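Here is a short briefing on one protein model and the ligand in it. Look at the structure first, then read the points by topic.

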Amino acid sequence: MIGIIGGSGVKVSDLLADPIEQTTVTPWGEATVWRGHFAGQRVLFLPRHGPGHKVAPHAINYRANIAALWHAGARQVIATAAVGSVNSAAPPGSFVICDQFIDFTVGRQSTFFGPPVPPAPDDSWDLLLARCAEVVHTDFTEPYCPNLRYHLIQAATELQLPHLQAGCYVCTEGPRYETPAEIRIFRRWEADVVGMTGVPEVALARELGLCYATVALVTNMAAGLQGQHLAHTDVVALMRQRGQALQDLLKNALGRCRKGAGPGCNCRGERS
Ligand code: HPA
């Protein structure tokens, strides 16, 4: 089943028909997942910031979120993310199908692996927790699922949505926005977009063998690159303005995922 992670400005009511809310107690804490239908198929939806968008980026329980999606049956996850752009080829309103990330976060719980393993709420977690007891070094040569990325790129191309087929996402700790000096560094690093929530989500998904891709929606040019200060209200306003385009993109991509043709991936592959 496909799970969609909704970032800022993406609500369950925007996407799901007949949604049913389900709170899952995971070994890492609680998370809320919605079951419903989108584009004619059963999907899961997880609001990244919790119901009512109450949890700030640095305080999100990423492990509970990813574990809850896994437990609910998601094996493919498409994450949406509001981002600032550091690349003039990705102006506000455009999409970026991320292919790399740089981790600029500090102090987040960023892995399921290694002792101590938390207690299992019930025996449905036993197998997963047995794996989590190991010390594992996950391959990140291809951080985002190439198969999901392929479908998202095909969808954006068919719908003629302005997009970059690849892009490097810098994840900052937040909740503050960046300084112009930080943005200058990210540009020198050849990054494309900056956000606060992509990491460790992407890494945790890979640890559980989930296919995971991020479709980033550019809501603003990053700090110092636009002639005005940044405001969260502007970010949310842009997300709402482009909400229909994002829904169309997800719908089209989901249809393609269901049909199955694509380059395939190794997201569940051998880890060393
Ligand atoms: N920086 C970090 N996160 C963001 C931005 C930004 O400029 N825009 C939307 N999310």
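**Ligand, rings and buried residues**

A backbone N or O atom of Gly84 lies 3.2 Å from a nitrogen atom of the ligand, which is a polar contact (a pair of N or O atoms within 3.5 Å; within protein, one must be able to donate a hydrogen and the other to accept it, and residues adjacent in sequence count only if both atoms are side-chain atoms). This is a predicted model, in which local features need pLDDT of at least 70, side-chain atom pairs count only at pLDDT 80 or more, and totals for chains, interfaces and linings use all residues. Residues are numbered from 1 along each chain as its sequence is written, and side-chain values use heavy atoms, with hydrogens and water left out.

**The ligand**

- Asn220 has a polar side-chain atom 2.7 Å from a nitrogen atom of the ligand.
- In Ala82, a backbone N or O atom lies 3.3 Å from a nitrogen atom of the ligand.
- On its own the ligand has 260 Å² of accessible area, and the protein covers 95% of this (areas come from the Shrake-Rupley method with a 1.4 Å probe; for residues, only the protein chains shown count as cover).
- The residues around the ligand include Tyr177, Glu178, Val194, Gly195, Met196 and Thr219 (a residue is near a molecule or strand if one of its heavy atoms lies within 4 Å of it).

**Aromatic pairs**

- A pair of aromatic rings is described by the distance of the centres and the angle of the planes.
- The whole structure holds 9 aromatic pairs (rings of Phe, Tyr and Trp, the last by its six-membered ring, pair if their centres lie within 6.5 Å; planes under 30 degrees apart count as stacked, over 60 as edge-to-face and the rest as tilted).
- Trp28 and Trp125 form an edge-to-face pair, because their ring centres are 6.3 Å apart and their planes are at 80°.
- Trp28 is in the loop between strand E2 (17-26) and strand E3 (29-38), and Trp125 is in the loop between strand E7 (100-104) and helix H3 (126-132), so this pair ties together parts that are 97 residues apart in sequence (helices, H or I with at least four residues, and strands, E with at least two, are DSSP runs numbered from the N terminus).
- Both Trp28 and Trp125 are buried (buried means under 20% relative accessible area, exposed over 50%, partly exposed in between, with a 1.4 Å probe and protein chains only).
- Another edge-to-face pair is that of Phe104 and Trp189, at 5.8 Å centre to centre and 70° between the planes.
- Phe104 lies in strand E7 and Trp189 in the loop between helix H5 (180-188) and strand E10 (193-195), so the pair ties together parts 85 residues apart in sequence.
- Phe104 is partly exposed, with a relative accessible area of 32%, and Trp189 is partly exposed at 42%.
- Trp28, Trp70, Phe112 and Trp125 are linked by ring pairs into a cluster.
- The charged end of Arg206 sits over the ring of Phe140, 5.4 Å from the ring centre (this requires NZ of Lys or CZ of Arg within 6 Å of the ring centre and within 35 degrees of the ring normal).

- Trp125 has a relative accessible area of 0%.
- Trp125 touches Trp28, Ala67, Trp70 and His71, among others, not counting residues up to four places away in sequence (contact means heavy atoms within 4.5 Å).
- Helix H2 (residues 62-72) is largely enclosed by the rest of the structure, because 10 of its 11 residues are buried.
- The buried residues of H2 include Tyr62, Asn65 and Trp70.

**Other buried residues**

- Glu173 is found in the loop between strand E9 (168-172) and H5 and is buried at 18% relative accessible area.
- A polar atom of the Glu173 side chain lies 3.0 Å from the backbone nitrogen of Val106.
- Ala31, in strand E3, counts as buried at 4% relative accessibility.
- Ser94 is in the loop between strand E5 (76-85) and strand E6 (95-97), and counts as buried at 4% relative accessibility.
- A polar atom of the Ser94 side chain lies 2.6 Å from the backbone oxygen of Pro91.
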